[in-house]
Amino acid sequence: MENIDALRYDLMVPLLGIGWVLHFLDTNNKIDSQSTKSFIWISLLVALIALPSVFKIYPHMHNLVKYTYYSFVVGMMVKIFSAYSTFVFLKGDINKLEKMVKYVIIFNLSMFFLQFIVVFPTGYYIDPLRAITGEPSRYGGGMVIPVIGQVYRCTGFYEEPSTYAGFIVVLLASKLYLNPKVDKLVIIAAISIIMSFSVAAIAYGLIIIGYFLLRSKGSYLKYILFLLSPLLVAAVIGIAFERLTSQGGNAQDIRDNLNAMVFAQQLPILIFGNGALGIMPAAAGVMNSTGAIYRLGIASLNDNGMWLFFIIKFGYVGLAIIGSYLFIKTKSTLNRIILFVIFLTKLSFLYFGFIFYFFLVFNNKPVLESDIEDDDDDDDDDTNDEGSHKNVD
């Protein structure tokens, strides 16, 4: 619902209210204490990180006139409370939580592949975002490739293919944090990231698929895929290059200009950031007047990746702190690879998708492959014990 502006609150608040009423009507209702503690600590963190901007403690600033401390904290609190409510409603049961995340992945994949199979042969694009908001999704890539013809970039329920890919990455990260098994659903979701034909998504989609292949068991299919991988990678990179050149280089130019503006800032700002309520001084005037930041010849602040958005807001120090914390908490190589990819996506850390993932990591320990193997061994031991008892009887 990040794409539907204020309407999301009109939908979310009543749904949350209904959810809490149903929760308390349940005879087995309870408030999960661990999730409640996480909600309180994360809420305090959000309230505190914006205070340097309010008091203009250098280099943090408050140069976004319409973006007040109240709007920042309340907007974040609604999202944090939504994540918290999900954990309470499911009573902290990680199996139910994983099942819920899988349902959300299936819901997103269903729309994406429906769009894909309809638009390529017919040219007609099913656009749920336009039906809700009146704003069309940006599915046209401006690319024509021999044999395939016009290449469309499906967006699912989102405004752009890169936004779809980013939210699928966060959903995959949440699912794999709760259960590291790389099943068919996970693989299909990862493939859909590449099939969005977003240039950035193609790059990090290949990272995900490549790691899945490396950790998979040896098979003829795996060896065939490795043999064909240079051809597949070349084809995908060709599509990405075609996408970049189809816009006359403008898409890459504005991203380069964004990097140049960010890293041209004074060293203290680069180290500690502009603050939760601030952005680069060179862009603040346009943001306050029209919000049309593209008129400065730069991309949106999160277009080059979440990593850069963290630097804009909280500098190298903020990026190092959040990156180190999540790296330590995620523990496994699988989780850390997906975490690395999250920082490459164009998602903002202000989006609900990332807030849900952060709440999950803050609140829960990751389920590791060794944990699953131990459970399987315990089940086998129980079965053997039962068999022994039967033989004795």
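## Overview of the chain

The chain has 17 helices and two strands, where helices (H or I, at least four residues) and strands (E, at least two) are DSSP runs numbered from the N terminus. This is a predicted model, in which local features need pLDDT of at least 70 and side-chain atom pairs count only at pLDDT 80 or more, while totals for chains, interfaces and linings use all residues. Residues are numbered from 1 along each chain as its sequence is written, and side-chain values use heavy atoms, with hydrogens and water left out.

Of the 393 residues of the chain, 44% count as buried, a term for under 20% relative accessible area with a 1.4 Å probe, protein chains only. Among contacts (heavy atoms within 4.5 Å) between residues at least 6 apart in sequence, 73% join residues at least 24 apart.

## Helix 2 against helix 4

Helix 2, which covers residues 33-49, packs with helix 4, residues 69-89, at an angle of about 165 degrees, and their axes are 10 Å apart; such axes are lines fitted to C-alpha atoms over the stretch in contact, and angles run from 0 to 180 degrees between N-to-C directions. That angle makes helix 2 roughly antiparallel to helix 4, the word used for angles over 145 degrees. The contact includes Phe-39, Ile-42 and Val-46 of helix 2, together with Phe-72, Met-76 and Ile-80 of helix 4.

By class, the residues of this contact divide into 14 nonpolar, three polar and no charged. Here Ala, Val, Leu, Ile, Met, Phe, Trp, Tyr, Cys and Pro count as nonpolar, Asp, Glu, Lys and Arg as charged, and the others, Gly among them, as polar.

## Helix 5 and its two partners

Helix 5 and helix 7 (residues 161-178) pack at an angle of about 155 degrees, with axes 9 Å apart, and the two are therefore roughly antiparallel to each other. Among the residues that meet are Glu-98, Lys-102 and Leu-109 in helix 5, and Tyr-164, Leu-171 and Lys-175 in helix 7. This contact of helix 5 with helix 7 holds 12 nonpolar, two polar and three charged residues.

Helix 5 (residues 94-122) also packs with helix 8 (residues 184-195), at an angle of about 45 degrees and with axes 11 Å apart. These two helices are therefore oblique to each other, oblique being what is left once angles under 35 degrees (roughly parallel), over 145 (roughly antiparallel) and 65 to 115 (roughly perpendicular) are set aside. Lys-102, Phe-112 and Phe-116 of helix 5 are among the residues making the contact, as are Leu-185 and Ser-192 of helix 8.

How values were computed
Buried < 20%, exposed > 50% of the residue type's maximum accessible area, 1.4 Å probe, protein only.
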